[in-house]
Amino acid sequence: MLIHLTLYRDGAERTLDLTLPPAAEAGLGLSDWSGASVSTALQVLQRTLDPQLGYALSCRRGLCKVCAMRIDGEVQTACTVPLHEGIRIAPAKPSLALLDTVVELSLVRSARIASSNSTSLIPEPSPHDA
Ligand code: FES
């Protein structure tokens, strides 16, 4: 399965066209990549291609939003988006990228508050977050 991955590392953008190894060889107990998430693909790429690959992952259920990134041009949670051939993956907001696909979430929240466009998946802090 081909993946178009845009990374931000050392202050520069780098775009890679990568082919995932066969799912059966990835050590995940999968026979093919259908239904596997973008997060799963990033985990496999980190293990097989680049141990320095940066991505964020926590709940794996679409609840915490730490894995938010731009997938096929739309900010979505990587743990809930299934892979497809030719998928495009990039940081949610390149100017806030810390490493590869990881962005500074507190700055994303600030940018969202400052912007009248509230299409971000990053939730506003609630009184319970204090
Ligand atoms: S890891 Fe929590 S939403 Fe994806």
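In which sense do β1 and β5 pair, and over how many bridges? β1 and β5 pair in the parallel sense, over 3 bridges. Two strands count as paired if DSSP finds at least two bridges between them.

This is a predicted model: local features need pLDDT of at least 70, side-chain atom pairs count only at pLDDT 80 or more, and totals for chains, interfaces and linings use all residues. Residue numbers start from 1 along each chain as its sequence is written.

**Overall layout**

The protein chain has 2 helices and 7 strands. Both kinds of element are DSSP runs, numbered from the N terminus: helices are H or I with at least four residues, strands are E with at least two. Along the sequence the pattern reads β-β-α-β-β-β-β-β-α. Among contacts in the protein chain with a separation of 6 or more, 44% join residues 24 or more positions apart. A contact means that two C-beta atoms, placed from the backbone, lie within 7 Å.

**The sheet**

Five strands form an open sheet in the order β2-β1-β5-β3-β4, with mixed pairing. β2 and β4 (74-77) stand at the edges with a single partner strand each, so one side of each has no neighbour in the sheet. On average, neighbouring strands of this sheet are turned by 30° against each other, direction ignored. That angle uses axes fitted as lines to C-alpha atoms, for helices over the stretch in contact; angles in general run from 0 to 180 degrees between N-to-C directions.

β1 and β2 (residues 12-19) pair in the antiparallel sense over 8 bridges. Their hairpin has 2 residues between the strands, and D10 takes a positive phi near 55° there. Bridge partners of β1 residues include these:

| Residue | Partner | Partner strand |
|---|---|---|
| L2 | T19 | β2 |
| I3 | I87 | β5 |
| L5 | L16 | β2 |

**Burial and core**

A residue is buried if 20 or more other C-beta atoms lie within 10 Å of its own, exposed if 12 or fewer, and partly exposed in between, with C-beta atoms placed from the backbone. Buried residues make up 28% of the 130 residues in the protein chain. Of the 8 residues of β2, the number buried is 0, so β2 lies largely in the open. In α1, by contrast, V38, S39, T40, A41, L42, V44 and L45 are buried. Their cover includes β1, β2, β3 and β5.

A nonpolar core is a set of buried Ala, Val, Leu, Ile, Met, Phe, Trp, Tyr and Cys residues joined through C-beta atoms within 7 Å. The largest one holds 28 residues; V38, A41, L42, M69, A78 and I89 touch the most other members. β1 (2-9), α1 (38-48), β3 (68-71), β5 (87-91) and β7 (102-103) each supply at least two residues. α1 gives the most, with 5 residues. Leaving aside neighbours within four places in sequence, M69 is in contact with A78, I89, A90, P91, A92 and T101.
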